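User: I am new to reading protein structures. Please take me through one, feature by feature.

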Amino acid sequence: MTSTLNLTPDELAAGQDLDQLKQLVGLVDYDADKDPFPVTGWDAIVFVSGNATQSALYYQSAWGMELVAYSGPETGNRDHKSFVLKSGSIRFVINGAVDPDSPLVEHHRKHGDGVVDIALEVPDVDKCIAQAKAAGATVVREPEDVTDEHGTIRIGAIATYGETIHTLVDRSRYDGPYLPGYVAQQSNYLPRPGQPKRLFQALDHIVGNVELGKMDEWVAFYNRVMGFVNMAEFIGDDIATDYSALMSKVVANGNHRVKFPLNEPAIAKKKSQIDEYLEFYRGAGAQHLAVATGDIIASVDALRANGVEFLDTPDSYYEDPELRARIGEVRVPVEELQRRGILVDRDEDGYLLQIFTKPLGDRPTVFFELIERHGSLGFGKGNFKALFEAIEREQDRRGNL
Ligand SMILES: [Fe+2]
């Protein structure tokens, strides 16, 4: 058996250890030899922005990320600017068009700000692409070597839901700041004094919203093409409010670093939040990114001070005697959670703390979740009703319910 319980270079560079990661993102061991499509973990989350120059500053000033690399006209990339930011072991890449004829312009016109590429680190790009082809996936980039003075990466890509892709990267022979063509870059931005060094350390999961009736197709895609396993299943009443509903299933890679809940709208009295997303994103796409923190209290306080807006949680959520009975002992008093609107859920393995932002951009599409896990490998099922009611209040204010 080939154990995959090794730290990735990004995790090592972030000073993480295995026990920490097991708690932070629910990392598990598994036998990679039997995996037709071995995935080590996340490589990068690539966003398209209407103004990457300003978005890159937002992720530094609001989310405490650090600029590490850049590509743009000054480096010979005349099509677009690309800013690479890190927080702990996770990497965001923010792309924005420079050339008015860049394909990013049309992509942004259609979808707005959003995630175009959920790039994954794999030990064998060719094996993954061959498996994807054999399983009927669309290959959007054949495996190739790309080289610069920092070494060589092996890279390929497959299509997933909507216009989203999974780039597959083997960077074991590369020590540059990101990919060939990028230069190391730092910014002059100084974080607020007293702010924690990092507001999040890793990425926990990315939720995909797909069209009505398509959830099972995409679950099957991740099972068949990428060898992902089904983690949990939430259907029907679990996640219905009085007005709107959705269905959700969760797939994960073997070591559970990469977790993809997949949502589709369900028929209800009013328009589902998933329908609102699909309408404004013009199709299927990534809905929310859950970033993991070891101290959600400190992170939320810093994010609020930096101007990030979170969904409100009504006091009735905390005053419900059932909640207190359900969650038992957690590491902070419930009053501390209530003051910040942080949700809590418990299952047979432990508990988790979580909170959700309002949409990050102009369209009601992509948002973030902060999650602090204490043994629970779930996704906050017990909070879905409270969360969705909070989302519906916002949806109603936008005139979209
Ligand atoms: Fe989530």
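User: Is strand β8 (residues 165-170) largely enclosed by the rest of the structure or left open, and why?

Analyst: First, a caution: this is a predicted model. To judge a strand, check how many of its residues are buried. A residue is buried if 20 or more other C-beta atoms lie within 10 Å of its own. In β8, 5 of the 6 residues pass, so the strand is largely enclosed by the rest of the structure.

User: Which strands pair with β8, and in what sense?

Analyst: Look at strand direction, then look for bridges. Strand β5 (residues 114-121) pairs with β8 in the parallel sense, over 3 bridges. Strand β7 (residues 151-159) pairs with β8 in the antiparallel sense, over 6 bridges.

User: How many residues lie between β7 and β8 in their hairpin?

Analyst: There are 5 residues between β7 and β8. Check the turn for backbone angles too. Glycine 162 sits in this turn and has a positive phi of about 60°.

User: What joins β6 to β7?

Analyst: A hairpin does, through 2 residues. The two strands run antiparallel, joined by 7 bridges.

User: What is the order of the strands in the open sheet?

Analyst: The order is β6-β7-β8-β5-β1-β4-β3-β2-β9. That makes an open sheet of 9 strands with mixed pairing. At the edges stand β6 (139-148) and β9 (183-184). Each has a single partner strand, so one side of each is left without a neighbour in the sheet.

User: How do β1 and β4 pair?

Analyst: Strand β1 (residues 41-48) pairs with β4 in the parallel sense, over 4 bridges. Valine 48 has asparagine 95 in β4 as its bridge partner. Helix α4 (residues 103-111) lies across β1, β3, β4 and β5, and runs at about 100° to β4.

User: How do I read a helix, and which residues of α3 are buried?

Analyst: An α-helix has 3.6 residues a turn, so residues three or four places apart point the same way. Now take helix α3 (residues 52-61). Its buried residues are Ala52, Ser55, Ala56, Tyr59 and Gln60. Seen down the axis of α3, they fall within an arc of 140°, so they line one face of the helix. Their cover includes β2 (66-71), β3 (80-87) and β4 (90-97).

User: Which residues of α6 are buried, and what do they pack against?

Analyst: In helix α6 (residues 215-224), Met215, Trp218, Phe221 and Tyr222 are buried. They cover an arc of only 120° around the axis, which puts them on the same side of α6. The buried residues of α6 pack against β10 (202-209), β12 (245-252) and β13 (259-266).

User: What are the domains, and how many residues are in contact between them?

Analyst: Get the bounds, then look at the contacts. The domain assignment gives domain 1 (31-184) and domain 2 (202-398). Their centres, taken over C-alpha atoms, are separated by 25 Å. In domain 1, 28 residues are in contact with 31 residues of domain 2. On the domain 1 side, β1, α4 and β5 each supply at least two residues. β5 gives the most to that side, with 4 residues. By type, the side divides into 15 nonpolar, 10 polar and 3 charged residues.

Notes:
Residues numbered from 1 in each chain as written. Predicted model: local features only at pLDDT ≥ 70, side-chain atom pairs only at ≥ 80, totals over all residues. Buried ≥ 20, exposed ≤ 12 C-beta atoms within 10 Å, placed from the backbone. Arc of directions from axis to C-beta. Contact = placed C-beta atoms within 7 Å. Pairing = 2+ DSSP bridges. Axes fitted to C-alpha atoms, helices over the stretch in contact; angles between N-to-C directions. Domains from an automatic or database assignment. Nonpolar A, V, L, I, M, F, W, Y, C, P; charged D, E, K, R; others polar.
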